[in-house]
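Subject: Structure for your review

Dear colleague,

I am handing over the structure below, followed by notes on what was found in it. Please read the two side by side.

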Amino acid sequence: MASSNPETESNNGSSIAKEPEKPQIEAFRMPTMEEMRAQEVWNNCAVRSVASGVMGGGLGLMMGMFLGALDNPIMQEEMTGRQQFMYTMRQMGQRSWSSAKAFAVMGLIFSAAECVVEKARAKHDTTNTVVAGCVTGGTMSAKGGPKAACAGCAGFAAFSVLIEKFLDRHT
């Protein structure tokens with residue numbers, strides 16, 4: 001005889017009562033000592049800045065190699081294949097070294113400024129990015145004089161905000 005109570009019926013027709021489903025609560029996992037040490041190391045502004053400088057240098061190296069390879073010799077018709085190849089290699093080397101230095105300094109300054117401002121303000125928001133962009137732009141263009149430093153400050157700060165909004169890091 002079939003039971004008329006749907007709670008006591010299961011899929012195969014037996015009369016075993018179903019238990020109400022309980023919501024799954026995910027357990028909170030405490031970080032290990034190694035994870036806490038790694039977090040403490042990464043929170044150090046010097047470590048963060050050096051890492052950003054190294055990554056910026058690597059990016060500059062790759063960009064310089066790519067852009068150096070696109071340079072065509074002016075006297076292309078008069079140069080042999082070997083001369084063109086050597087010229088292109090020299091251009092790639094010069095461009096990559098120059099770009100690597102510029103991007104390494106840029107990454108180091110930006111990361112250091114952002115980290116110091118973030119620690120001083122005890123906030124993680126867009127204002128830190130604006131200040132770090134201004135410091136970076138002003139520092140990178142300071143050799144051109146005060147007008148260039150102000151323009152670099154404003155330009156790099158605006159660019160940093162645009163990138164920040166595009167990546168949407170701070171919600």
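Is Met92 buried or exposed? Met92 is buried, because its relative accessible area is 15%, where buried means under 20% relative accessible area, exposed means over 50%, and partly exposed lies in between (1.4 Å probe, protein chains only).

Before the rest, a word on the basis of these notes. This is a predicted model, in which local features need pLDDT of at least 70 and side-chain atom pairs count only at pLDDT 80 or more, while totals for chains, interfaces and linings use all residues. Residues are numbered from 1 along each chain as its sequence is written, and side-chain values use heavy atoms, with hydrogens and water left out.

Overall fold. The protein chain holds five helices and zero strands, and its elements run α-α-α-α-α from the N terminus on; helices (H or I, at least four residues) and strands (E, at least two) are DSSP runs, numbered from the N terminus. Of the 171 residues of the protein chain, 26% count as buried. The accessible surface comes to about 12,700 Å², with 65% of it belonging to carbon and sulfur atoms, the areas being computed by the Shrake-Rupley method with a 1.4 Å probe and, for residues, with only the protein chains shown as cover. Among contacts (heavy atoms within 4.5 Å) between residues at least 6 apart in sequence, 54% join residues at least 24 apart.

Around Met92. This residue is found in helix H3, and, leaving aside residues up to four places away in sequence, Met92 touches Gly64, Met65, Gly68 and Ala69. The C-alpha atoms of Met92 and Met62 are separated by 9.6 Å, although the two residues are 30 apart along the chain.

The nonpolar patch. Leu59, Met63, Phe66, Leu67 and Leu70 form a nonpolar patch on the surface, with about 470 Å² of accessible area together. Patches are made of residues with over 30% relative accessible area and no salt bridge, like charges being joined within 9 Å and nonpolar side chains (Val, Leu, Ile, Met, Phe, Trp, Tyr) within 5 Å. Met63 lies in helix H2, which covers residues 45-69, and Met63 counts as partly exposed because its relative accessibility is 34%.

Helix H4. This helix (residues 126-140) has 15 residues and reaches 21 Å from its first C-alpha to its last, close to the 21 Å expected at 1.5 Å a residue, the expected span being 1.5 Å times one less than the number of residues. The buried residues of H4 are Thr126, Asn128, Thr129, Ala132, Gly133, Thr136, Gly137 and Gly138, and they pack against helix H3 (81-121) and helix H5 (146-167). Thr129 counts as buried because its relative accessibility is 1%, and a polar contact of 3.3 Å joins its side chain to that of Glu114. A polar contact is a pair of N or O atoms within 3.5 Å; within protein, one must be able to donate a hydrogen and the other to accept it, and residues adjacent in sequence count only if both atoms are side-chain atoms.

Salt bridges. With a salt bridge taken as a side-chain nitrogen of Lys or Arg within 4 Å of a carboxyl oxygen of Asp or Glu, the count comes to two. In one, the side chains of Glu35 and Arg29 meet at 3.2 Å, N to O; Glu35 is partly exposed at 36% relative accessibility, whereas Arg29 is exposed at 55%. In the other, Asp125 pairs with Arg121, the closest N and O atoms being 2.7 Å apart, and Arg121 is partly exposed at 31%.

Best regards
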